[in-house]
Every structure is written in structure tokens, then in C-alpha cells.
Amino acid sequence: MKAATAASQRTTTGAPPMTRETGIGPVGAAHGPVMVGEVVEWLRPRPGARLVDATVGLGGHAAALVAGAPGARLLGVDRDPRALARARERLLPAADRVVLRHGDFARLRAILPEVGWGEGADAVLLDLGVSSLQLDDPMRGFSFRAAGPLDMRMDPGEGRDAAEIVNTTEELARAVAGVLGHGKPRRGPGPAGYRTNATRTFQAIRIAVNEELDRLERFLVDGWAALRPGGRLAVLAYHSLEDRRVKDAFRRWGASCLCPPGMVACACGWKAKVRILTRRPLRPAPSEIARNPRARSARLRVVERLRGA
Ligand SMILES: C[S@@+](CC[C@H](N)C(=O)[O-])C[C@H]1O[C@@H](n2cnc3c(N)ncnc32)[C@H](O)[C@@H]1O
């Protein structure tokens with residue numbers, strides 16, 4: 001708890017320097033990876049370790065993890081083929097230690113044996129949500145700030161796009177209510193209210209189009225099993241619906257018994273799989289939020305797989 005509080009107040013220390021020479025740092029974008037120092041510090045990449053960035057995006061976290069551990073290997077996964085192309089470019093200086101796979105983190109346990117890591121990884125990162133590559137491209141339709149087609153698919157080869165998903169009033173209402181609830185919009189009239197409500201509505205549609213909560217839940221059934229004993233999983237969430245699911249799953253994984261309350265003796269046979277390292281989620285330092293407003297809602301939670309689990 002103390003470590004968590006201390007870390008949440010720290011600025012991004014411990015991260016390797018972001019320079020052109022190391023090939024690390026923002027690629028043509030003002031926004032770097034969120035809480036990168038904290039992610040590296042808590043995942044503690046070691047020489048020779050097997051690292052997984054299951055949402056590799058533009059490769060920012062991945063580059064920092066690889067730079068933090070000479071000889072460590074990294075598997076980068078993303079649903080978005082364009083993100084993988086950017087990550088490949090970004091990770092070029094460490095190309096001999098990096099494997100990239102197009103895929104869904106909900107299937108991570110099936111992807112690991114495909115790269116010879118069936119026994120699991122020493123560190124896994126999930127940085128949920130969208131990347132600036134996706135948000136800033138008007139042709140992908142993730143943002144209302146520029147005109148474009150209503151697509152919003154992270155993987156353009158998969159499923160229905162937003163225009164198809166919200167093409168009836170019922171579907172639109174369902175998508176929005178699923179994320180915003182049934183209460184009033186948060187902000188009233190005026191430009192700020194318009195931006196807040198539009199942002200939240202677009203976010204709700206994007207979450208529905210990409211089945212984001214469903215994919216996260218699938219991962220959280222037994223995501224701990226993607227780790228080797230002593231390995232760590234870090235999840236960065238940006239929405240309370242995501243963070244609550246992560247918190248509940250970590251509590252379940254860390255519990256010593258899953259019997260309903262009131263049982264005289266344990267009948268479930270469950271044993272704790274992980275130790276929760278962050279009782280409260282870590283938050284970005286104010287200086288990071290000032291630099292990158294997209295970091296403001298980030299919450300980082302970390303668990304460690306128990307030896308013998
Ligand atoms: C916030 S960005 C990650 C940014 C990355 N950490 C970086 O440093 O550049 C989230 C990424 O996760 C990907 N993503 C979202 N859901 C996914 C899923 N279920 N499986 C794999 N990738 C996913 C998105 O396509 C996006 O590229």
C-alpha cells in the first residue's frame with residue numbers, strides 16, 4: 001500500500017531515456033506512453049526475461065520495457081494491423097528481440113505457445129483503450145473533432161463498423177446506455193458540455209463496436225495463467241467500467257477461497273493465484289497529466305503470480 005502510494009506520487013522515474021538514438025519515444029505524436037516509468041518499475045524487466053505487451057499500439061511502452069532489460073525478448077500483440085506497422089518501425093533498434101503478432105489479448109494464452117512461450121511470460125502489460133494513431137486519423141472515425149466515416153474498428157478486418165452498429169435508434173440507445181448508464185448527460189449546454197457529452201457518446205459507441213468490455217472480461221477469466229510463477233501483470237485502464245472489472249478479477253485471483261460467505265468449511269478448492277501489489281490503483285503524476293491530458297483518467301493495477309499457483 002505504501003509502495004503504491006509512493007509510486008503514484010512519483011514522476012516517471014526509472015524509465016530509460018527517450019531519445020532518437022534508442023529509437024524510443026513518441027513517433028510523430030505529442031503523446032508518449034502513459035505512466036511509462038511506473039510500468040517499467042513495476043514490471044521490472046530483467047535481462048533474458050520474456051515480456052509481453054498485449055496492446056503494443058505505437059510501441060512506446062514496449063520500447064521502454066525492452067530498453068530496460070538487455071537480452072529480454074518481447075512479444076507485442078495488437079488488434080490493429082496499422083498499429084503493428086508503427087510498432088515495428090519504433091522497435092527496429094531491438095528487432096532481433098521483438099516478435100509482433102496481430103491478435104486479441106483475450107486469446108493471449110493461445111498466442112503464447114505459437115511463439116514458444118507456452119509456459120508463460122515474466123511480464124504482461126495491457127494498456128487499454130485507443131491509441132493516438134487511431135484517435136487522430138479522421139478516416140477511422142474515432143473522434144468527432146474531424147469529419148470522417150463512422151467506422152471506429154480497431155481491427156478494420158473484423159466485425160461491424162460503427163455506422164452499422166448504430167444504424168437503428170435502439171442499437172444507438174443500447175450502446176450509449178451500456179457505458180453512460182441511464183442518467184442525464186454529465187455536462188449541461190455550452191461548448192464544454194457539448195465536448196464532454198460528445199466525447200462520452202463516441203467512447204460508448206467505440207467500446208460497443210470493439211466489444212472492449214467483453215474482450216477484457218474474457219482475458220480476466222484466467223489471465224494470471226499467462227504468467228510464469230513470479231511474473232507480473234500490469235493493466236492500465238482509462239474508464240471506470242474497465243477498472244472495476246480489473247479490480248474485481250484481481251481480487252478473485254488473489255482470494256484464498258471463492259466460497260459464498262457463511263460456509264462453515266471451504267468447498268471450492270480454489271487457491272490464491274496472485275499477490276496484489278497495488279491495493280489502490282496508481283495514478284499519473286500531475287506533471288504527466290499537464291503534459292498529456294489523455295493520461296488524466298489512467299489507473300494502473302499490478303499483480304504477481306504466486307510461486308506454486
Ligand atoms: C492505449 S493504446 C496502446 C498504446 C501503447 N501502450 C503505446 O505505448 O504506444 C491501446 C492499443 O490496444 C489495442 N487493443 C485494444 N483492444 C485490444 C485487444 N482486445 N487485443 C489486442 N489489442 C487491443 C488498440 O488497437 C491500441 O493500439
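I began with helix α11 (residues 240-254), which lies across β5, β6 and β7 (299-305) and runs at about 20 degrees to β7. For such angles, axes are lines fitted to C-alpha atoms, for helices over the stretch in contact, and the values run from 0 to 180 degrees between N-to-C directions; two residues are in contact if their C-beta atoms, placed from the backbone, lie within 7 Å. The helices (H or I, at least four residues) and strands (E, at least two) are DSSP runs numbered from the N terminus.

I noted that this is a predicted model, in which local features need pLDDT of at least 70 and side-chain atom pairs count only at pLDDT 80 or more, while totals for chains, interfaces and linings use all residues. Residues are numbered from 1 along each chain as its sequence is written.

Next I looked up the sheet, which is open, has seven strands in the order β3-β2-β1-β4-β5-β7-β6, and shows mixed pairing; two strands pair if DSSP finds at least two bridges between them. The edge strands are β3 (98-102) and β6 (274-276), each pairing on one side only. I also read that the twist averages 20 degrees from one strand to the next. Helix α4 (residues 81-90) packs on this sheet, where it touches β2 and β3, and its direction makes about 170 degrees with that of β3.

I then turned to β2 and its neighbours. Strand β1 (residues 50-53) pairs with β2 in the parallel sense over four bridges, and aspartate 53 stands opposite glycine 76 in β2. From β1 the chain crosses through α3 to β2, and this β-α-β crossover is right-handed (with the strands pointing away from the viewer, the path from the first strand over the helix to the second runs clockwise). On the other pairing, β2 and β3 are parallel over five bridges, with valine 99 in β3 as the bridge partner of leucine 75.

I checked how covered β2 is: six of its six residues are buried, so the strand is largely enclosed by the rest of the structure. Here buried means that 20 or more other C-beta atoms, placed from the backbone, lie within 10 Å of the residue's own. Arg73, Leu75 and Val77 are buried on one side of β2, and Leu74, Gly76 and Asp78 on the other.

Last, I looked up the ligand, which 21 residues surround, the closest being Pro33, Thr55, Gly57, Leu58 and Gly60; a residue counts if its C-beta atom, placed from the backbone, lies within 6 Å. Both α3 (60-67) and β2 (73-78) supply at least two residues of this shell.

Conventions. A residue is buried if 20 or more other C-beta atoms lie within 10 Å of its own, exposed if 12 or fewer, and partly exposed in between; C-beta atoms are placed from the backbone.
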